Amino acid sequence: MRTLIRGGTVVNSGGPFPADVLVDGETIAAVAAPGLFTDADTVIDATGRYVLPGGIDAHTHMEMPFGGTSSSDTFATGTAAAAWGGTTTIIDFAVQAKGASLLATLDRWHEKAGGHCAVDYSFHMIVSDVNDTSLKEMESCVAAGVNSFKMFMAYPGVFYATDGEILRAMTKARETGAMVMMHAENGIAIDQLVAQALADGRTDPVHHSLTRPPELEGEATHRAIALAAVTGAPLYIVHLSSRHALDAVTAARDSGQNVFAETCPQYLFLSIEDMARPDFEGAKFVCSPPLRPADHQLDLWRGLRTNDLSVVSTDHCPFCFAGQKELGRGDFSRIPNGMPGVEHRMDLLHQGVVRGEISLSRWVEISATTPARMFGLYPRKGVVAPGSDADLVVYDPTATQVLSAATHHMNVDYSAYEGMELVGRVETVLSRGSVVVADGAFHGREGHGRFLDRDLCQYLR
Ligand code: URP
Ligand code: ZN
Ligand code: ZN
């Protein structure tokens, strides 16, 4: 089965160029001068469109147990929504419970995702119980293609790791070539601020942000960087939200340390003002780290331009407003932390191109190419090139759309971007050569997505 995508502008991280893309089976057979190929079983007209490598969302949480409930997208619904938005690979998190083995956890997540994903997927591992066994098991995880381990400086009593535990895990990461991913917020101090706020009767959702000030993200980021420097481990700061944390990452990178960071669309487009919406609506925006005052956004866009922020992932972790976010009425600390977003990352970042914040090629780099290199998937993913998987997005840069819960495909009853008008729209999506979205309809299949056994971080070798 040969598919020809004809007449478009291919956009790779190296820049845009006019080219036709020939797909043979599951892979890209050729990227050729326009008009060179005419013979194919199917022709997709991409005139006036971009042809992009499928997006890679390196941070999602499908059906994740959290706060006494579970995120509302399953691997089936969440990966279908990802495909609608031009994301053809997700890297989700297997979550080690206290006392559980890492390998049993990995098996459990394979059971959850296997046969259900519409697009390709992989896993990071959340390490919440550092002990001799789990440290040894990190080696087996790396051998099984899961070579990135998320740790938490937040959430005491749940996922929290002490500095000593982090040091031990980083030492093992250094030995195995693995990456430590860090949720960098000072959870011990935050818990005190939360207790004080509740005791004072400050219970509305906005206090979620006010009790997690950016100084405590900056401090934890700095501390994580110091621990990484001492152990020699590479470090990837997840969901960076503030200039305080960005300053720490920038200083580390300038000194030559292997420190990387991602931010998320919610920190680029939303702010603490959204958390202060009346009638408990602010609960829709509760995530950690929290939304910040809007002036942080300028610094985050700058960080994306200077490559101090290398990746944009969504941290997609949806909870319905009805029945889930509502668990925290009268006590913001009981609102499940997380926001939906897997469907809109590519479109929202395209607004950065429209507004002149980032270039066209940088858009592709932060949403596909760098995540592929960072997490050992390049050049199989993240580039439109011969031999790569035919994960392709035909993108109309002039179409307009309005985001809404009424039209999105994520299994969640609200949109964090309700009513936002966007320029640009995903038109056609191929996953390993199969059309999954076209003509405003879903043509994908639950179970089409395959597990991706990942190589080590390609910036370190
Ligand atoms: O609020 C968030 N970010 N929820 C998802 C879990 C995490 O910390 O990434
Ligand atoms: Zn986190
Ligand atoms: Zn997360």
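A polar contact is a pair of N or O atoms within 3.5 Å. In this predicted model, an oxygen atom of ligand 1 and an N or O atom in the side chain of H239 are 3.5 Å apart.

| Residue | Part of the residue with the N or O atom | Distance to an oxygen atom of ligand 1 |
|---|---|---|
| S288 | backbone | 2.8 Å |
| H61 | side chain | 3.2 Å |
| H239 | side chain | 3.5 Å |

On its own, ligand 1 has 270 Å² of accessible area, and the protein covers 100% of it. The space that ligand 1 takes is the largest cavity. Around ligand 1 there are 13 residues, and the closest are K150, H183, S288, D315 and N337.

In soluble globular proteins, nonpolar side chains tend to be buried together. The largest nonpolar core here holds 132 residues, and the members that touch the most other members are M182, L235 and W363. Leaving aside residues up to four places away in sequence, W363 touches Y50, L52, M346, L349, H350, V353, I358 and Y395.

How values were computed: Residues numbered from 1 in each chain as written. Chains lettered and ligands numbered in written order. Predicted model: local features only at pLDDT ≥ 70, side-chain atom pairs only at ≥ 80, totals over all residues. Heavy atoms only, no water. Core = buried A, V, L, I, M, F, W, Y, C linked by side-chain atoms within 4.5 Å. Buried < 20%, exposed > 50% of the residue type's maximum accessible area, 1.4 Å probe, protein only. Contact = heavy atoms within 4.5 Å. Near = heavy atom within 4 Å. Polar contact = N/O pair within 3.5 Å; in protein donor to acceptor, adjacent residues only side chain to side chain. Areas by Shrake-Rupley, 256 points an atom, 1.4 Å probe, with all protein chains shown as cover. 1 Å grid on protein atoms, 1.4 Å probe; cavity = no way out; pocket = protein on both sides within 12 Å on 5 of 7 lines; lining within 4 Å. Sits in = over half its atoms within 2 Å of the grid points.
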